[in-house]
Amino acid sequence: MSLTFFNACNSKQAYSNTATAENNSLDYVVDKFADTQVLRYKVPGFEDLSLQQKQLLFHLSEAALIGRDILYDQNCRYNLAIRRMLEQIFLDSKCDRNDRQFKELEIYLKRVWFANGIHHHYAEDKFTPGFSQDFLADRLQEIAGNTSGEASLTFLRKGQSLQQFIDEIFPVIFSPDVLAKRTVQSGDGDIILASANNYYAGGITQKEVEDFYEKQRQPDDLTPPSYGLNSRLVKEPDGRITEKTWKIGGLYSDAIEKIVEQLEKALPFAENQAQKAVIVKLIAFYRTGDLRTFDAYAILWLKDTASEIDFVNGFTETYGDPLGIKASWESTVNFINKEATKRTKIISDNAQWFEDHSPVDPRFKKTTVKGISAKVITVVMLGGDCYPSTPIGINLPNAEWIRRDHGSKSVTIENITEAYDQAALGNGFNDEFVRSDVEKELIEKYGFLADNLHTDLHECLGHGSGQILPGISPDTLKSYGATLEEARADLFGLYYIADPKLVELGVMPDSEAFKAEYYRFMMNGLITQLVRIEPGKDIEEAHMRNRQLIAKWVYEKGKTSNIPVVELIKSNQKTYVRINDYNALRNLFGKLLAEVQRIKSEGDYQAGKALVETYGVKVDQDIHAETLERYRKLNLSPYKGFVNPTMKLIRNDKGEAVDVTLDYSENYTQQMLRYSRDYSFLPTYNE
Ligand code: ZN
């Protein structure tokens, strides 16, 4: 479990140079709709790469874009049909583009693109269309008439009439009860049956899934593959349970073949033998679907720290499966930022010191920290589950035993954090929510550095730290596993960002800087992240649950001191966070870290559930309403994502590659329509 998303919605603002703030931020903003703002990121340093490196990036980038439709189908089995239908209407309808309903359809389509499906990418629930069933039915009749009739509608099933399509699809779009939530993360009901995602099919129950994978597990296998990671589990009509593996010749074969084609084209441009071996092994995995081959690939990948170009491509993160078994497809393509990597190298070089000095019970610590590497990277292409909503840090691989025996590789994506930062310049967010000038100045002075450093610590040391006791299965914490793992990593970072060791190592300027991160974290966890939650709803997403869990727990525990460690104070009817004792706050983070590590190491499901349900899920209704109102007046978007640059391979008249260029001019709609046109290889229904 290993992605970090941008914490606060807009918690950073101008550090200097406010005069140019407006122009600068406009340069980064591409589109805005519903609760979302789309930005572009820049790729500084691309021109300085060699032609060979650029060609490698080019083919890896093609491979990154090809997997897009896999994720749509993983998220829900109707996603491709609905997207293709909407795109065809959007392109072919002669309807007035300024018609209110048409505009609503456009917004709905933009949201589907952003979420890679019909459910919100963070809140998990289904979008409510602002257009009517009649309007959509009319548009479908219209485009069937525009073209050569129903046969040209590519989103119909074979032999399906338009009316049959409408009967099947309209409830999926319009009825609130049908496939209501992509991933149901908690509750005492059957979370597999309740989830709309496409990782399980045929009415299979949670119990059947758990039994199926329990049987595969061998308790004495110290290097177990990630069973079920790359397949859909299906209950056939005759009651048999089968795994449909995502591989060449299996499910999603049409897209995976094209990915492999690009990986093969990338091979001649590999920087060295180690990198070549990584790509070769990944191809072997896509061909066989064999999970031990996947582990072998992951080990080669984490050990390749010499290459300047790097990438992730495959079935990677399991946040979308309530049981944390099945992985969504994602890709990032990047190169190293050598200057900024000096910072993360210092941290990873001292990983053993941090492990030894953590407040965790010695039984749950790694005696020898192996293979920890960390770097700062510049991304050039994002795909699948990293697009358009993008992580700012990644730590892989996820298999516990590989981390234990071989280590892990962490990255902080600084051209993404920089784009967030630039786009938020002077947006008024901190003026509204930060208590006083004292904290505002702290954030202005140290915010960017402290935030990046927290991401470094979270990824490199946090996820890489600790060990689970022998015989404890990594899946024991079930749907609470992802939240608790993120809490563990965040707490590790919070505990150490205040450590004098960081000043001694020269990565923090002084003993005040950590306060910027503490203030920002508490403000976000107790108040401002609620701008992402609709009135009356609970928190669903693992990172958000984690942040409230931590903030609320330390807030509650700190109340018993003579002077509360953290307070919520009211001024002019507005609620603010006040931190009275930063050092006591650090101790509380340490205490909670020790407890969360214990829960993970011992696989204490009941304690983990209690922690998440008590502190991480329910929302304070008064603060929520007040926060939404304050935020609304700022006219900002709580969610952000990115368009990619357009990458072109330039050939001379002899057909030889002479350069690879990046262009930043494409807008959001253009990019999405281009991707749907050029990178769609899957059938509409993958059953
Ligand atoms: Zn994480």
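## Salt bridges within helices

In this predicted model, the side chains of E261 and K258 meet in a salt bridge at 4.0 Å, N to O; a salt bridge is a side-chain nitrogen of Lys or Arg within 4 Å of a carboxyl oxygen of Asp or Glu. Both residues lie in helix α10, three residues apart, about one turn of the helix. Helices (H or I, at least four residues) and strands (E, at least two) are DSSP runs, numbered from the N terminus. E261 is partly exposed at 36% relative accessibility, and K258 is partly exposed with a relative accessible area of 30%. Here buried means under 20% relative accessible area, exposed over 50%, and partly exposed in between (1.4 Å probe, protein chains only).

In helix α13 (residues 338–349), E339 and K342 are likewise three residues apart, about one turn of the helix. Their side chains form a salt bridge of 3.0 Å, N to O. E339 is exposed, with a relative accessible area of 55%, and K342 is exposed, with 51%.

The side chains of D499 and R586 meet in a salt bridge of 2.8 Å, N to O. D499 lies in the loop between α19 and α20 (500–504) and R586 in helix α23 (residues 582–602), so the pair ties together parts that are 87 residues apart in sequence. D499 is buried, with a relative accessible area of 11%, and R586 is buried, with 13%. Elsewhere, salt bridges that share partners join D361, R363, E595, R598, E602 and D604 into one network. The structure holds 59 salt bridges.

## Basis of the values

Residues are numbered from 1 along each chain as its sequence is written, and side-chain values use heavy atoms, with hydrogens and water left out. As this is a predicted model, local features need pLDDT of at least 70 and side-chain atom pairs count only at pLDDT 80 or more, whereas totals for chains, interfaces and linings use all residues.

## Zinc site

The zinc ion is coordinated by H458 (NE2), H463 (NE2) and E486 (OE), at 2.1 to 2.2 Å. Donors are N, O and S atoms within 2.8 Å of the metal (3.2 Å for Na, K and Ca); water is not among the atoms, so sites may look incomplete. Along the chain, the donors follow the spacing H-x4-H-x22-E. H463 lies in the loop between α18 (437–462) and α19 (481–497) and E486 in helix α19, so this pair ties together parts that are 23 residues apart in sequence. Both H463 and E486 are buried.

## Buried lysine and alanine

K126 is located in the loop between α5 (100–115) and α6 (133–146). K126 is buried yet has no salt bridge, and the nearest side chain of opposite charge, D177, is 8.1 Å away. For charge, Lys and Arg count as positive and Asp and Glu as negative, while His and the chain ends are not counted. A polar atom of the K126 side chain lies 2.7 Å from the backbone oxygen of S175. Leaving aside residues up to four places away in sequence, the residues touched by K126 include I118, H119, P171 and V172; contact means heavy atoms within 4.5 Å.

A255 lies in helix α10 (residues 253–266) and is buried, with a relative accessible area of 1%. Not counting residues up to four places away in sequence, A255 touches I66, I70, F681 and L682.

## Strand pairing

An open sheet of three strands has the order β4-β5-β6, with mixed pairing. β4 (200–201) and β6 (241–245) stand at the edges, each with a single partner strand, so one side of each is left without a neighbour in the sheet. Two strands pair if DSSP finds at least two bridges between them. Strand β5 (residues 231–235) pairs with β6 in the antiparallel sense over five bridges, and K235 stands opposite I241 in β6.

Strands β15 (residues 646–651) and β16 (residues 657–663) run antiparallel and are joined by six bridges. I650 stands opposite D659 in β16. The two strands form a hairpin with five residues between them, and G655 in the turn has a positive phi of about 85°.

## Backbone geometry

The peptide bond from Y387 to P388 is cis, with omega near -5°; P388 is found in the loop between β9 (372–384) and β10 (391–396). The peptide bond from L396 to P397 is also cis, with omega near -5°.

Y252 has a positive phi of about 65° although it is not a glycine, and at 2% relative accessibility Y252 counts as buried. K478, also not a glycine, has a positive phi of about 45° and is partly exposed, with a relative accessible area of 34%.

Conventions. A polar contact is a pair of N or O atoms within 3.5 Å; within protein, one must be able to donate a hydrogen and the other to accept it, and residues adjacent in sequence count only if both atoms are side-chain atoms.
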